[in-house]
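Subject: Structure handover

Hi,

Here is the structure for you to look through. Please open it before you read my notes.

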Amino acid sequence: MEAVYIDKHISLVDECRKGNRKAQFEIYKLYDKAMYNAALRIVGDEAEAEDILQEAFLDAFTRIDSFRAETTFGLWLKQIVINKSINYLRKRKAEFVGLDDIDVAEESVEHDKEDLEFKVKEVREAMTKLPDGYRVVLTLYLFEGYDHEEIAHILKISENTSRSQYLRAKIKLNSLLEKERSMR
């Protein structure tokens, strides 16, 4: 049986297809904060995240006829935002360290439960200090819910590289947070 998605904003989407500016503004107001935050978590720069947000909405409204309601509009828009964010990073030439020949240990479930019980602001601030490659993989995995196979496909890297970037990002993030805590 195929999954059926019910989008509670489909009437607004239909109005957007007709070029209704009011409906476009309503859609924008519904999704702008969440999409901005997704872009910001990936690119780590407020101005770039704002640019990505504007470009993503422009792209979405321009291509709205290609939205087939196989998922919700929000998920479709989020994919546009993520792709645009990653493209921005590629323009900045983010480097993903390839570690295909190195075995990466699986993460411990018990360790995850104890990981990062810090305030959101501290974590968000520390994440902006991570190298692009670390921040992108960590964001896609933890916040956007992608698995390493999907991340590898999106970023055009191997699964092993995705895993290693994720583990290194967690270590680096912990280090940054500990350093901040010790300075207080």
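This is a predicted model: local features need pLDDT of at least 70, side-chain atom pairs count only at pLDDT 80 or more; totals for chains, interfaces and linings use all residues.

Residues are numbered from 1 along each chain as its sequence is written, and side-chain values use heavy atoms, leaving out hydrogens and water.

**Fold**

The protein has 9 helices and 0 strands. Helices (H or I, at least four residues) and strands (E, at least two) are DSSP runs, numbered from the N terminus. Of the 184 residues, 41% are buried. Buried means under 20% relative accessible area, exposed means over 50%, and partly exposed lies in between (1.4 Å probe, protein chains only). Take the contacts (heavy atoms within 4.5 Å) with a separation of 6 or more: 72% of them join residues 24 or more positions apart.

**Salt bridges**

The whole structure holds 9 salt bridges. Each one is a side-chain nitrogen of Lys or Arg within 4 Å of a carboxyl oxygen of Asp or Glu.

- E144 pairs with K78, and their closest N and O atoms are 2.8 Å apart. This pair links distant parts of the chain, 66 residues apart: E144 is in the loop between α7 (132-143) and α8, while K78 is in helix α4 (residues 73-91). E144 counts as buried at 13% relative accessibility. K78 counts as partly exposed at 26%.
- R41 joins K78 and E144 in a network of salt bridges.
- E26 pairs with K29, with the closest N and O atoms 3.2 Å apart. Both lie in helix α2, 3 residues apart, about one turn of the helix.
- R163 pairs with E159, with the closest N and O atoms 3.6 Å apart. They sit 4 residues apart in helix α9, so about one helical turn separates them.

**Single residues**

Is Q24 buried or exposed? Q24 is buried, because its relative accessible area is 12%. Q24 sits in helix α2. Leaving out residues up to four places away in sequence, Q24 touches C16 and F61.

Now look at K156. This residue lies in the loop between α8 (148-155) and α9 (159-183). K156 has a positive phi of about 60°, although it is not a glycine. K156 is exposed, with a relative accessible area of 68%.

Best wishes
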